[in-house]
Amino acid sequence: MLTEHVRAQFNCLAVLMLVGDSRQVPGQRKRGRRQEDARQRIAARTTPDAGRWEVVVETRDQAEMRTRLRRLQEAGVDGATIRIDTLCGRLELPTTYRLSHFVTDPAQECEHDRSDH
């Protein structure tokens with residue numbers, strides 16, 4: 001059983017949360033939903049059963065990683081299928097950059113094409 005003091009605190013928190021939601025910039029909620037939908041679509045396209053992530057380059061040189069990224073973009077590779085992992089080092093190990101590209105499984109593409117027809 002909640003005491004009156006605790007109930008009053010919960011009510012204050014609920015009011016503060018509602019006030020915080022009402023101060024959103026116009027269009028912000030809609031933009032957030034669009035971004036979340038896009039993230040979910042990308043996640044669905046890059047599931048482990050749809051293909052695999054192939055490492056393009058793993059390097060400690062950030063400039064080399066950027067050069068390889070630019071080459072992928074110039075080749076027309078979809079940006080949603082490119083991943084950059086930054087493996088943060090500490091004193092003993094320097095930071096390493098890993099650039100990967102998602103490659104779809106050809107068998108999955110064939111099944112997807114058949115299901116569309």
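1. The model is a predicted one. Leaving out residues up to four places away in sequence, L69 touches I82, I84 and L99. V56 is 13 residues from L69 in sequence, and the two C-alpha atoms are 9.0 Å apart in space.

2. For the overall layout, the protein chain has 4 helices and 3 strands. Read from the N terminus, these elements follow the order α-α-β-α-β-β-α. The chain has 117 residues, and 15% of them count as buried.

3. Two figures describe the chain as a whole. Among contacts with a separation of 6 or more, 61% are between residues 24 or more positions apart. The accessible surface is about 9,600 Å², and carbon and sulfur atoms account for 54% of that surface.

4. S100 is another buried residue to check. Its relative accessibility is 1%, so S100 falls under the 20% limit for buried. S100 belongs to strand β3, which runs over residues 96-104. Setting aside residues up to four places away in sequence, its contacts are W53, E54, V55, V56, T81, I82, R83 and D85. Of these, E54 has a salt bridge with R52, while R83 and D85 are joined to each other by a salt bridge.

5. H101 is also in strand β3. Beyond its neighbours within four places in sequence, H101 is in contact with R52, W53, E54, V56, V77 and T81. A80 lies 21 residues from H101 in sequence, with a C-alpha to C-alpha distance of 9.1 Å.

6. How many salt bridges does the model contain? The count is 4.

7. Which parts of the chain does the R98 and E58 pair tie together? R98 lies in strand β3 and E58 in strand β1 (residues 51-59), so the bridge ties together parts that are 40 residues apart in sequence. R98 is partly exposed at 24% relative accessible area, and E58 is partly exposed at 46%.

8. Leaving aside neighbours within four places in sequence, the contacts of R98 are V55, V57, E58, R83, I84, D85 and L87. For L87, the separation from R98 is 11 residues in sequence and 7.6 Å in space, C-alpha to C-alpha. R83 and D85 are on the contact list of R98, and both are on that of S100 as well.

9. E54 has 35% relative accessibility and counts as partly exposed. R52, at 45%, also counts as partly exposed.

10. In the salt bridge between R83 and D85, the N to O distance is 3.3 Å. R83 is partly exposed, with a relative accessible area of 31%.

11. Which residues form the positive surface patch? The patch is made up of R29, K30, R31, R33 and R34. R33, one of its members, is found in helix α2, which spans residues 28-45.

Methods:
Residues are numbered from 1 along each chain as its sequence is written. This is a predicted model: local features need pLDDT of at least 70, side-chain atom pairs count only at pLDDT 80 or more; totals for chains, interfaces and linings use all residues. Side-chain values use heavy atoms; hydrogens and water are left out. Patches are made of residues with over 30% relative accessible area and no salt bridge: like charges are joined within 9 Å, nonpolar side chains (Val, Leu, Ile, Met, Phe, Trp, Tyr) within 5 Å. Accessible areas come from the Shrake-Rupley method with a 1.4 Å probe; for residues, only the protein chains shown count as cover. A salt bridge is a side-chain nitrogen of Lys or Arg within 4 Å of a carboxyl oxygen of Asp or Glu. Lys and Arg count as positive and Asp and Glu as negative; His and the chain ends are not counted. The place of a charge is taken as NZ of Lys, CZ of Arg, CG of Asp or CD of Glu. Helices (H or I, at least four residues) and strands (E, at least two) are DSSP runs, numbered from the N terminus. Buried means under 20% relative accessible area, exposed over 50%, partly exposed in between (1.4 Å probe, protein chains only). Contact means heavy atoms within 4.5 Å.
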